[in-house]
Amino acid sequence: MFEQVRRNRRASQGFVLVLGLLLVLAAGAAVELVLPGSGAILGLPLGAVAFAFYAYRARRHGDAWLRDLAGALPADAVAEKTLSNIVEELMLAFGMSEVPDLYVIEDQGLNAFATEGPRGKSALVVTRGLLKSVSRSELQAAVAHELAHIKHGDTRFLTLACALASAVTLVASLGKHGLRSGVRTEARVAFPGRVRGSGNAGALMYLKLAVLLLVLYGASRLARLLFHGISAEREYLADAGAIIATRDPEALLALLLRVESTPSAYPSGLMPLMLAAPNFDVTHPPLRRRIQILSDLLRLPPSAELQTAYATAYRRNRGRTMRLAPATPPVELAFRSPRTDAGLDDPARKRCGCGLECEVMPGAALRCPHCRASLT
Amino acid sequence: MVAVIAGVGFLAVVALLALAGLVLVYNALVRMRNQVRNGWSQIDVQLKRRADLIPNLVSTVQGYAGHESETLEKVIQARNHAGNQKSTEGRMEAEGLLSQALVNLMAVSERYPELKADQNFRELQEELTSTENRIAFSRQFYNDSVMNYHNLRESFPSNIVAGAFSFQEEPLWRLAEGDAAYTAPVVAFGGASSAQRG
């Protein structure tokens, strides 16, 4: 698992470069379409400058910018005592020393994300809904998932990548805007004008036009799609990291089930950072899959459970030897933090037809993780 | 002549590599041992935090549930007993008893709706929950650190370095039989419920 985390770090650097390339290409295409012939000399350097500028800005201010986009406000440490307690508890479990700043989004949905700014200063953002309507252990699971992202180095990378992806979108939309406005005539006239020469060169021109338009219109979509490969696996890893810290897979399972049944919407630029995408989104593995892994995990005896969960999660590792976290001797799995859910509504315990006993918060609907029958 | 130079050069390279390996392993051992010690002091900090919470908790519960004096007395006794321990093993056991006494106190307080509604009590309860979690997590981190340290200390070839520089074994913090944190998982499939909440 920790090798996986290291591999991801290397992939991160590659991904930032790919995003940069995409940005440069989009700028080149945009300029070439608006001012034919000057794409290579003007557009590509312009794209490179934009990349350098955005990478710098994203490193310095990307975190604050993303928090603003989400409408997150600094949390009052006294009023959100439970949240700050949970964060401090988990810092001990993760062996992390720098406490992240806490922010709250005044939104009833259930979600959370973490950002990382300059000098490794991280921040944790949770929705009001998460603070209000889940049990203490579930809130702990959500926070642990985000802290695992921070610990794995995903947060720093995703903060940068999200900001860069938005730069790609910006450049592409500027190009499209240029095409649609007055400059368009020049582009339209210029291309067929040159095409009217010889047959071969003409075909080449049309091909070039098609490629340029494809780059311009596909760039931001491609950036988003690229996130899928890069961030889906990190979600499984963060789930695993959260379980290693809390030793409480049930709480994470309960949380994901609750998130699944609570529809909510957030700015799409933020999606790759979010705890979970309740609606289908390319940046996250389907929630159903994560839920499946966790409920598989809970049905197995302790020693094999993490092994199997990881094996299911990391399909690409199938057949290779799996190095598990060295810090999970079986005796540790018997460790359970006392969970008293103080200060929150007491969840009711319901027994499902299949024999599984679940916690159900008052007024919330939950489906049985085992047989998926509805428990109310 | 050339053969001699090549031989000496080869030996020098081997010696350098061995030295570099020694330095790396030694430093890794030191780093891990320091992490273990830091982990231990973290547990200590959290146990003190819990001990500081108890007088306040006891006086609050007393206000609403005065005739539960036996339970309260046990908590105070366990706290003082834990504070007086000198040996590590004695401390571990005494802290386990204190955990048990606190669980009993919390179970008793369930019977007093007015106490449960008291804002001060709710805050104390949150603090106590948090502190218990902190103790559990720092203990977990400590044991994980010990595990990592032992893995390196005992595996080849780092065990040679560990032996030469006498890196000692560190104790794992094991749970006592009656400890609150020793309860079985909450989820039970079929059969009787094993739900136990601390």
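**Two chains of a predicted model**

In this predicted model, chain B has an average pLDDT of 80, and 87% of its residues reach at least 70; pLDDT is the predictor's confidence in each residue, on a scale from 0 to 100. Within residues 177-198 of chain B, however, the pLDDT falls below 50, although this stretch makes 55 contacts in the model beyond near neighbours in sequence. A contact here means heavy atoms within 4.5 Å. Where pLDDT is low, predicted coordinates should not be read in detail.

Residues are numbered from 1 along each chain as its sequence is written, while chains are lettered from A and ligands numbered from 1 in the order in which they are written. Because the model is predicted, local features need pLDDT of at least 70, side-chain atom pairs count only at pLDDT 80 or more, and totals for chains, interfaces and linings use all residues, with side-chain values based on heavy atoms and with hydrogens and water left out.

Chain A contains 12 helices and eight strands; helices (H or I, at least four residues) and strands (E, at least two) are DSSP runs, numbered from the N terminus. Of the 376 residues in chain A, 56% are buried, where buried means under 20% relative accessible area, exposed over 50%, and partly exposed in between (1.4 Å probe, protein chains only). Among the contacts of chain A with a separation of 6 or more, 68% are between residues 24 or more positions apart. Chain A exposes about 16,300 Å², with carbon and sulfur atoms supplying 61% of this area; accessible areas come from the Shrake-Rupley method with a 1.4 Å probe, and for residues only the protein chains shown count as cover.

L212(A) lies in helix α8 and counts as buried, at 11% relative accessibility. Its C-alpha atom is separated by 8.6 Å from that of G28(A), a residue 184 positions away along the chain. R247(A) is found in the loop between α8 (199-246) and α9 (249-260). R247(A) has a positive phi of about 50° although it is not a glycine, and it is buried, with a relative accessible area of 4%.

S166(B) belongs to the segment after α6 and is partly exposed, with a relative accessible area of 47%. Another backbone feature of chain B is the cis peptide bond joining F156(B) and P157(B), with omega about 0°. P157(B) sits in the loop between α5 (119-154) and α6 (158-164).

The surface of chain B carries a nonpolar patch formed by L16(B), L19(B), L22(B), V23(B), Y26(B) and F165(B), which together have about 540 Å² of accessible area. Patches are made of residues with over 30% relative accessible area and no salt bridge, like charges being joined within 9 Å and nonpolar side chains (Val, Leu, Ile, Met, Phe, Trp, Tyr) within 5 Å. A salt bridge is a side-chain nitrogen of Lys or Arg within 4 Å of a carboxyl oxygen of Asp or Glu. V23(B) is located in helix α1 (residues 2-64) and is partly exposed, with a relative accessible area of 42%.

By contrast, A94(B), in helix α3 (residues 88-109), is buried, with a relative accessible area of 2%. Leaving aside residues up to four places away in sequence, A94(B) touches H81(B), A82(B) and Q85(B). The C-alpha atoms of A94(B) and N80(B), 14 residues apart along the chain, are separated by 9.3 Å.
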